[in-house]
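Visitor: I have a model open and would like to go through it with you. Please put it on the screen, and I will ask as we go.

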Amino acid sequence: MTAQLGRGLPIGAASSYTTKATQTHPALIIYLLDVSGSMSLALGGRKRIDVVTESLNVALRQMVFRSTKGSRISSRYRVAIIAYSDEVRDLLGGIKRIDELMNGGMLPVLNTYRFTDTAKAFQHAEKLLKEELPSIQDCPAPLVCHMTDGVYTGEDPEPIARRIMNMSVKDGNVLVENIFISDEVLENEIEQPKRWSGVRENTDFKDDYGNKLRNMSSVIPESYRIMMREANYNLAMGSYLMFPGTNPDLVSLGFQMSAATPIY
């Protein structure tokens, strides 16, 4: 098991997160999506839930593109999509291979509900990971991508997220990413997402919830950061897997990052 140092940064991080996703050793991505009532509010002239749905579908299509050789999809990714409000809803009925998901026309429809019980969602992810980890030790480190637009209404999710971040495979600790859709996150507005250096240790937030989400976010692995630099993003070394979704481009960046696992 990989020891843990700081916020999700494993000892030996420079040599971690290099296992490539293959058909025999696919990457596992677990999406936790807040579908509370506030997700029906506007973002960039559209409903937040519609921006998230489109960004998720773009990320899934990116996984298909990165899994395709010739005309055949090699299943380099496995995906779970969990929507939550006051209850947790497994939209796919378990973990699905990316080819099974896309070929079966199973793309989920996101509907909004009421509250924001974030802890329940992370507990569901923790349960899935406990079941999966023994059989995926030779696969890339799993990633949990959490998207929310407001403060949780139930139990504090941070201890659960920290337990998840201390789980590991040979490639490194489980990664946790947070996408926070709100105008009330950062002190300084991000005007050019592709030139933004990311959330850092010294980033100032408007309230304590920003600090909490950073505590619940892993450091971006160098292999992921390089992949995103090839897509012309300028995220700095040591920045966090935390993306303030103040506009649709930043929401899209967060979902693209979730699919940036090295591939073979």
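Visitor: Which helix does arginine 48 lie in?

Guide: The model is a predicted one. The helix that holds arginine 48 covers residues 48-67. That element is helix α1.

Visitor: Is arginine 48 buried or exposed?

Guide: Beyond four places away in sequence, arginine 48 touches Ser38, Met39, Leu41, Ala42, Leu43, Asp149 and Ile181. Its relative accessible area is 13%, and the cut-off for burial is under 20%. Arginine 48 is therefore buried.

Visitor: How many helices and strands does the protein have?

Guide: Helix α1 runs over residues 48-67, and helix α6 over residues 222-230. The count for the protein is seven helices and 15 strands.

Visitor: Is threonine 19 buried or partly exposed?

Guide: Threonine 19 is found in the loop between β2 (9-10) and β3 (27-34). Its relative accessibility is 25%, and burial requires a value under 20%. Threonine 19 therefore counts as partly exposed.

Visitor: How many disulfides are there?

Guide: A disulfide requires two cysteine sulfur atoms within 2.5 Å. The sulfur of cysteine 139 has its closest cysteine sulfur in cysteine 145, and because they are 19 Å apart, they are too far for a bond. Cysteine 145 is likewise in no disulfide. The count is zero.

Visitor: What relative accessible area does cysteine 145 have?

Guide: Cysteine 139 counts as buried at 5% relative accessibility. Cysteine 145 is buried too, and its relative accessible area is 0%.

Visitor: Which elements are included in what covers the buried residues of α6?

Guide: The buried residues in helix α6 include Ser223, Tyr224, Arg225 and Met228. Just after this helix, asparagine 232 takes a positive phi of about 75°. The cover over the buried residues of α6 includes β11 (143-148), β14 (175-180) and α7 (248-258).

Visitor: Where is the place of leucine 186?

Guide: Leucine 186 is buried, at a relative accessible area of 11%. Beyond four places in sequence, it touches Thr203, Asp204, Phe205, Lys206 and Pro244. Its C-alpha atom is separated by 7.9 Å from that of glycine 210, 24 residues apart along the chain. The place of leucine 186 is in the loop between β14 and α5 (208-215).

Visitor: How far apart do the centres of the positive and negative side chains lie?

Guide: The protein has 29 positive and 31 negative side chains. The distance between the centres of the two sets is 7 Å.

How values were computed:
Residues are numbered from 1 along each chain as its sequence is written. This is a predicted model: local features need pLDDT of at least 70, side-chain atom pairs count only at pLDDT 80 or more; totals for chains, interfaces and linings use all residues. Side-chain values use heavy atoms; hydrogens and water are left out. Buried means under 20% relative accessible area, exposed over 50%, partly exposed in between (1.4 Å probe, protein chains only). Helices (H or I, at least four residues) and strands (E, at least two) are DSSP runs, numbered from the N terminus. Contact means heavy atoms within 4.5 Å. Lys and Arg count as positive and Asp and Glu as negative; His and the chain ends are not counted. The place of a charge is taken as NZ of Lys, CZ of Arg, CG of Asp or CD of Glu.
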